[in-house]
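This report goes through the ligand sites, the contact between the chains and some backbone details. Please keep the sequence and the structure at hand while reading.

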Amino acid sequence: MVDLSVDLGFIRLSNPIFTASGTCGYGLEMIPFLELKKLGGVVVKGLYFEPRQGNPPPRLVETTAGLLNAIGLPGIGVEAFAREVLPQLHQQQATVIVNVCGNTDDEYERVVRYLDDHPGIAFYELNISCPNVKEGGQCPALDARATFRIVSRVKKATQRPIMTKLSPNVTDITIIARAAEEAGSDALSLVNTFLGLAVDVETGQPKLANVWGGLSGPAIKPLALRMVYQVVQTVKVPVVGIGGIVTGYDALEFLAVGAKAVEVGTANFVNPRVTLQIIDELQNFCQKKQLSRIEDYIGSFRPRREKQKT
Amino acid sequence: MSQLIEAVIKDKKSWGDYFFVTFQAPELAALAAPGQFVMVKVSPKGPPLLRRPFSLASADREEGTIAIFFQRVGLGTNLLSRYSPGEKISLIGPLGRGFSFEDLAFPGELLLIGGGRGIAPLYYLAQKLKERGLKVIIFYGGKTQSDLPLREALAKKKLADKLILATEDGSLGFKGLITDVLEQEVLSPLAKKAFVCGPEAMMKKVAELLRRWNLPGEFSLEAFMGCGFGVCWGCVRWIKRGQEYQLVRICQEGPVFSREDIKWSEEE
Ligand SMILES: Cc1cc2nc3c(=O)[nH]c(=O)nc-3n(C[C@H](O)[C@H](O)[C@H](O)COP(=O)(O)OP(=O)(O)OC[C@H]3O[C@@H](n4cnc5c(N)ncnc54)[C@H](O)[C@@H]3O)c2cc1C
Ligand SMILES: Cc1cc2nc3c(=O)[nH]c(=O)nc-3n(C[C@H](O)[C@H](O)[C@H](O)COP(=O)(O)O)c2cc1C
Ligand code: FES
C-alpha cells in the first residue's frame, strides 16, 4: 500500500486530491457520486458574508477543450452555510476548505471571523479574484499591494491557516505570490481561471451575459503548470496546483514540478467520480515506480540543461 | 438519487435529423419520472468536453430501459447520432424534477403541447397519463413534416385521445404555428392542466394563452448545462420563490416549472 498522504506544514492530508471551489457546489451535491471523506479536501463554493444572486444568464460557454464561465459567485452566505451545510459536511467526515470572498477588505475579515466560531473547517482558501467595489471592481489578485493588504488583514483576523488563491491574469505571477507569502499566507493555490471571450456570430453579441468570463478545463493545463512551476521556485510555503487536471498523469505533472497537492475543477462536471479515479491512478503509478510515498515524487521534475545553441 | 453508469444502447431509430435511442439502464429506469433528464457523455474523451442534457422520452421498469429522443443540431448530437446498438455510453441520471401529475384523475383532460424535439418529455408523460386513464390531447408542431417524426408512434401507441399536428409550411396538419392552432382550440370544461416543451418563443406564447384561460401549466425549460447535477450554477433562470424572482438552478429545481413561477420577460 502506497502512502498518498501529503504535508502542507500546518495540516497532513490523506491524499493530495481536492475538488476545486465552484466545481463541487457545497460538497453535498457530490454525495450521490462519491464519499467526500476519500478526498484530500473539499473546497466549497466561494462564500461572501451575505447571500448573492450572481451574474445573469447565460453564464457558460463551452470552448475547445475548455469552459468559459461568468457565474459571478452566487451563494448562500456564511450564516446559512454554517447552519445548514457545515454540519452535514462534518457528518460526511469531509476535510472542508472554505473559499473566502469579499466585496471589500472588511467583508473578507467578517467572513473568516464569523466562520472561526464554527468547527469543521480545516483551513481557508482566500479568493482574491473577487471584484473589489472600493477599487472600481478590480480584483486584488491583480495587484501585489492589494494582495498584501488583504492577506495581512485576514491573517490577523483568523486562527485558522490560510491559502491564497492566485489569478493567472497578471504579467508576473511570482510578484503576487511573493506578496501573499510576505503577508503571512500559509500556502498558495493557483490558478484561478484565465479571462476569455466568446462571440455569437449570428447576433454579433457576446455569448456570456457578462461579456467575458474565466476559462478553465484541459485547455489551460500547460499554462497553469508553467505558473505553478514558477511559483514553487519563488516561495517557501506549500503550493497547491490547479488547472485542467483530468487524469492521474495531469495531477502527477503538477506534483512533479513541486505542488504539494492539486485541485480538480471542471473535470468534476464531466465525471463526478473523477477525483477518486485520479487517486487510484496515483496509487498505481507509485506502485509501478516502486515509490512507497507520493511525497517522494513531489518536486522530482528536473529541467534539462539548456543545450548550447549553435 | 441520481447515478453515474455505463449503459448499453439497445435500440436506435432515426428519421432524418431526429433519433430515438433506447438504453439498457435498469438502475435509471427504476427511478425515472417524466420531465427528468439524463446527462450523456457523447464522446468518451471529448470533444465536446461536457456532457449534453436530454429529457427522458420513455422509461420501462420491467424491461430496465430508458430512452431519449433528440435532434441533431451540433457537434455533440452529431456524435451521439452515430452510436449503434451494442455500444456503451456514460450516463448520469435521472436528474431534476419532473412534471407533477399525481393529483390528476379521471375525468380530467390534459393538454400536452410540444414543439419539435420538445415532444421528448411529453412522449414519456403521455404514457404515464394514459396508464392513469386520463384524457390526453397532444399538440405537436414543427417547421415542416419531417419535424414531427413521433406522430406515428403517438398514434400507434394510442398515447393521444386527440392528436393535433401543425407545420409552418403546411406540409402536414394545420398550416401555421402550433400556438395558432391552440389559440383557436375550444377549451373543454374538463381541461385541467397543460404540459409544455419547445422553443422559447413558443413556450412564451403558450404561457400567455394559459394565463388568459386561467389554466395551470408546467413548462420544461432549457439552459446550457455545465454539470446537470447542481454543482456549477451555470444553468440558472429567473424563477419566483416566495414574493421575488431568484436565479434558480434549472437542473436542480427544474427543468420543469409552473407557468406562474417563470419570468417570461424583463418587464415582469
Ligand atoms: C433539461 C434539458 C433537456 C433537453 N432535452 C432534449 C431532448 O430531449 N432532445 C433534444 O434534442 N434536445 C434536448 N435538449 C437540448 C440539447 O441538450 C442540445 O440540443 C444539445 O446539448 C446540443 O449539443 P450539440 O453539441 O449538438 O450542439 P452545440 O455544438 O453545443 O451547438 C448548439 C447550437 O449552437 C450553434 N452555435 C455554435 N457556435 C456558435 C456561434 N459561435 N455563434 C452562433 N451559434 C453557434 C450551433 O450551430 C448549434 O445550433 C435539452 C436541454 C436541456 C437543458
Ligand atoms: C463554474 C466555475 C465556478 C467557479 N467558482 C469559483 C469560486 O467560487 N471560487 C474560486 O476561487 N474559483 C472558482 N472557480 C475556479 C476553479 O476553482 C479553478 O481554479 C479553475 O476552474 C481551474 O481549474 P480547472 O481547469 O480544473 O477547472 C470556478 C470555476 C468554474 C468552472
Ligand atoms: S448545470 Fe451545473 S448547476 Fe445546473
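## Ligand 1: polar contacts and cover

In this predicted model, a polar backbone atom of Val73(B) lies 3.3 Å from an oxygen atom of ligand 1, and a polar backbone atom of Leu75(B) lies 3.2 Å from an oxygen atom of ligand 1. On the side of chain A, a backbone N or O atom of Val201(A) is placed 3.1 Å from a nitrogen atom of the ligand. Considered alone, ligand 1 exposes 1000 Å², and the protein buries 73% of that area.

The elements that each contribute two or more residues to the shell around ligand 1 are strand 12 (199-200) of chain A and, from chain B, strand 4 (52-60), strand 5 (65-71) and helix 2 (75-80). Strand 4 of chain B gives the largest share of this shell, with four residues. The ligand lies between chains A and B, and it is surrounded by 23 residues, of which Arg52(B), Pro53(B), Gln71(B), Gly76(B) and Thr77(B) are the closest. Sorted by class, the shell comprises 12 nonpolar, five polar and six charged residues.

How far from ligand 2 is the N or O atom in the side chain of Thr266(A)? The distance from that side-chain atom to an oxygen atom of the ligand is 2.6 Å. On its own, ligand 2 has 610 Å² of accessible area, and the protein covers 97% of it.

## The interface of chains A and B

The contact between the two chains involves 26 residues of chain B and 31 residues of chain A. The area buried between them is about 2400 Å², and carbon and sulfur atoms give 69% of this area.

Two salt bridges are found across the interface. Arg249(B) and Glu29(A) form a salt bridge in which the closest N and O atoms are 3.7 Å apart. On the side of chain B that touches chain A, strand 1 (3-15), strand 13 (236-241) and strand 14 (244-249) of chain B each provide at least two residues, and the largest share, three residues, comes from strand 14 of chain B. The residues on this side of chain B comprise 16 nonpolar, six polar and four charged ones.

## A salt bridge within chain A

Over all chains, the structure holds 31 salt bridges. One joins the side chains of Asp106(A) and Arg153(A), with a distance of 2.9 Å from N to O. This pair links distant parts of the chain, since Asp106(A) belongs to helix 2 (residues 105-116) of chain A and Arg153(A) to helix 3 (residues 144-157) of chain A, the two residues being 47 residues apart.

## Backbone details

Most peptide bonds are trans, and most residues other than glycine have a negative phi.

Which residues of chain A are joined by a cis peptide bond with omega near -5°? The bond runs from Pro57(A) to Pro58(A), and Pro58(A) lies in the loop between strand 4 (41-47) and strand 5 (60-63) of chain A. In chain B, a cis peptide bond with omega of about -15° joins Gly93(B) and Pro94(B), where Pro94(B) is part of strand 6 (residues 88-95) of chain B. Lys158(B), although not a glycine, has a positive phi of about 50°, and Lys158(B) is located in the loop between helix 4 (151-156) and strand 9 (162-167) of chain B.

Conventions. Residues are numbered from 1 along each chain as its sequence is written. Chains are lettered from A and ligands numbered from 1 in the order in which they are written. This is a predicted model: local features need pLDDT of at least 70, side-chain atom pairs count only at pLDDT 80 or more; totals for chains, interfaces and linings use all residues. Side-chain values use heavy atoms; hydrogens and water are left out. A residue is near a molecule or strand if one of its heavy atoms lies within 4 Å of it. A polar contact is a pair of N or O atoms within 3.5 Å; within protein, one must be able to donate a hydrogen and the other to accept it, and residues adjacent in sequence count only if both atoms are side-chain atoms. Accessible areas come from the Shrake-Rupley method with a 1.4 Å probe; for residues, only the protein chains shown count as cover. Ala, Val, Leu, Ile, Met, Phe, Trp, Tyr, Cys and Pro count as nonpolar, Asp, Glu, Lys and Arg as charged, and the others, Gly among them, as polar. Contact means heavy atoms within 4.5 Å. Buried area is the accessible area (1.4 Å probe) that two parts lose on being put together, summed over both. A salt bridge is a side-chain nitrogen of Lys or Arg within 4 Å of a carboxyl oxygen of Asp or Glu.
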